[in-house]
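Please look over the sequence and the structure below before reading on.

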Amino acid sequence: MYQHIVIAVDGSKTAEKALDEAIRIAKIAKSSISLVHVASLRDMAIEGVGALDTHQLHDLAFRQARELLEKAEKRIINEGIGRVECHIAESWEGGKDMAESLIRFADSRHAELIVIGTHGRTGLAHLLLGSFAENVMRKTHCPLLVVRSSED
């Protein structure tokens, strides 16, 4: 069974649902967990935070990521899973680069499962925004669990 699970955390409802699934698997398999947040600095700059200089942008991204990871870490510990690691990565490139960052981290930790949420966008939204989940699926050699929320 899976001894080490890597979970992508981004604060969305689908990521929360993916975390729930990963916790269930980890409890059964007695797995260790790594929580990963890949901050998209490009998206933060585009969303109006662009008035910040690079150092301030990194600081803001780190603070937001730390909050998300701490919340997820507390949930995992409250579920009785004691082996949890948190990791923050940054990307200026967007979707493909973010997916590669997650995969590199999972590979470096010899993960046996990656768990991510997907928004299930189609059509123009998928074309414009790309699909983080699709990029991870295409590039990873590690087993991947993709969780979709019924709310999306």
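This report goes from the overall fold to one strand residue and then to the salt bridges.

## Overall fold

The model is predicted, and its chain contains six helices and five strands, which follow one another from the N terminus in the order β-α-β-α-α-β-α-β-α-α-β. Of the 152 residues in the chain, 41% are buried, while the accessible surface amounts to about 8,500 Å², with 51% of that area belonging to carbon and sulfur atoms. When contacts between residues at least 6 apart in sequence are considered, 78% of them join residues at least 24 apart.

## A residue in strand β4

Ile114 sits in strand β4, which spans residues 113-118, and Ile114 counts as buried because its relative accessibility is 0%. Beyond its neighbours within four places in sequence, Ile114 is in contact with several residues, including Val6, Leu102, Thr140 and Leu145.

## Salt bridges

Side chains of opposite charge can pair when their charged atoms come close. The count of salt bridges comes to nine. In one of them, the side chains of Arg75 and Asp20 meet at 2.0 Å, N to O; Arg75 belongs to helix α3 and Asp20 to helix α1, so this pair ties together parts that are 55 residues apart in sequence. Glu16, Asp20 and Arg75 are linked in a network of salt bridges.

Another salt bridge joins Arg138 to Glu134, with the closest N and O atoms 2.6 Å apart, and these residues are separated by about one helical turn because they lie four residues apart in helix α6. Arg138 is exposed, with a relative accessible area of 62%, whereas Glu134 is partly exposed at 25% relative accessibility.

Note on methods: Residues are numbered from 1 along each chain as its sequence is written. This is a predicted model: local features need pLDDT of at least 70, side-chain atom pairs count only at pLDDT 80 or more; totals for chains, interfaces and linings use all residues. Side-chain values use heavy atoms; hydrogens and water are left out. Helices (H or I, at least four residues) and strands (E, at least two) are DSSP runs, numbered from the N terminus. Buried means under 20% relative accessible area, exposed over 50%, partly exposed in between (1.4 Å probe, protein chains only). Contact means heavy atoms within 4.5 Å. Accessible areas come from the Shrake-Rupley method with a 1.4 Å probe; for residues, only the protein chains shown count as cover. A salt bridge is a side-chain nitrogen of Lys or Arg within 4 Å of a carboxyl oxygen of Asp or Glu.
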